[in-house]
Amino acid sequence: MEDLQEVLEGIAEHVAPLCHDGAVASYIPSLGEVSPEKFGICVAMADGEVYGAGDWKEQFSIQSISKVFSLALVMSYDYDSIWRRVHREPSGTPFNSMIQLEADHGIPRNPFINAGALVVTDRLLTLTGDAAASIRGLLRLESGNPAVDIDTVVAASEADHGHRNASMAHLLASYGNLENPVDDVLEAYFRQCALSMSCEDLAKASLFLARHGVAAGGTPFLSPNQSKRVNAVMLTCGTYDAAGEFAYRVGLPGKSGVGGGIVAIVPGRCAITVWGPSLGPNGNSVAGIAALDEFTAKTGWSIF
Ligand code: GLN
């Protein structure tokens with residue numbers, strides 16, 4: 001295998017022509033202002049070494065990638081009681097779909113579609129009093145970057161155009177599957193999605209999932225079994241109705257966000273982050289998936 005740094009630089013070069021395939025998310029207006037020509041990739045190794053190429057130090061909106069950290073936090077507080085309120089099956093529907101929520105009597109298919117994430121955030125709000133701040137605290141600690149913060153412009157932009165998430169939250173409440181007032185849950189959810197991070201921050205912050213639950217300071221944050229479970233749900237549900245295609249092409253647990261970021265985990269070895277704002281039809285970064293595909297093909301670092 002080539003030197004890892006050369007692999008990343010080669011990938012950044014190869015995926016550059018894909019930056020205009022798909023489109024930058026614009027249903028949250030402030031996300032639509034980001035240039036599609038950005039691309040970053042970072043690999044954080046379990047032993048602490050970090051490699052990066054392209055715009056890997058530039059911040060972007062992590063959006064649904066935050067759902068990994070809210071789930072991990074809830075599991076760290078009360079092991080697995082959350083699974084009484086949300087299933088863990090792939091949905092096969094878009095991330096913001098509500099069709100199954102009524103059919104399943106208010107129990108979302110999984111924690112990584114919006115309906116499921118709202119339930120997890122609701123639980124975290126009960127457990128901590130400020131869900132978004134607790135996720136931010138975890139991300140600051142694990143990334144080693146105390147400047148990680150919420151982009152309040154993005155949060156407000158999403159809140160102003162959040163009718164779909166609001167209707168989902170009300171539907172959940174109608175089934176008794178929210179513990180807190182709908183508006184509080186929505187505010188917390190929009191704030192956590194608006195966390196702004198670089199590929200470098202995010203790869204470092206996700207490393208506990210590559211270290212079987214061990215946090216940056218060397219202490220257990222999740223048990224090895226919990227870490228296995230979060231990775232498993234990422235593999236089956238992390239990229240929504242494209243999770244099968246993602247597993248086929250990349251072969252790793254992964255979680256995407258409509259800001260164009262994707263985190264992927266090689267258990268025992270490393271965390272990889274890619275960022276390319278232009279999204280395919282399922283809301284996943286086109287260049288990001290191509291980059292991860294090439295990464296696992298070149299390194300052989302897939303779980304299969
Ligand atoms: N905040 C976005 C939303 O709720 C997150 C979606 C995503 O990243 N897939 O619509």
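This is a predicted model: local features need pLDDT of at least 70, side-chain atom pairs count only at pLDDT 80 or more; totals for chains, interfaces and linings use all residues.
Q: What does helix α12 lie across?
A: Helix α12 (residues 286-299) lies across β2 (40-45), β7, β8 and β9. It runs at about 145° to β9. Contact means C-beta atoms, placed from the backbone, within 7 Å. Axes are lines fitted to C-alpha atoms, for helices over the stretch in contact, with angles from 0 to 180 degrees between N-to-C directions. Helices (H or I, at least four residues) and strands (E, at least two) are DSSP runs, numbered from the N terminus.
Q: What is the strand order in the open sheet of five strands?
A: β3-β2-β9-β8-β7, with antiparallel pairing. Pairing takes at least two DSSP bridges between two strands. The edge strands are β3 (50-54) and β7 (254-256).
Q: And how many bridges join β8 and β9?
A: Six, linking residues 261-266 with 270-275. Val 263 has Thr 273 as its bridge partner in β9.
Q: New topic. Is Ser 64 buried or exposed?
A: Ser 64 is buried, because 26 other C-beta atoms lie within 10 Å. The cut-offs: buried at 20 or more, exposed at 12 or fewer, partly exposed in between, with C-beta atoms placed from the backbone.
Q: Where does Ser 64 lie?
A: In the loop between β4 (59-61) and α2 (66-78).
Q: What about Tyr 189, buried or exposed?
A: Buried, with 30 other C-beta atoms within 10 Å. Tyr 189 is in helix α8 (residues 182-193).

Terms used:
Residues are numbered from 1 along each chain as its sequence is written. Two residues are in contact if their C-beta atoms, placed from the backbone, lie within 7 Å.
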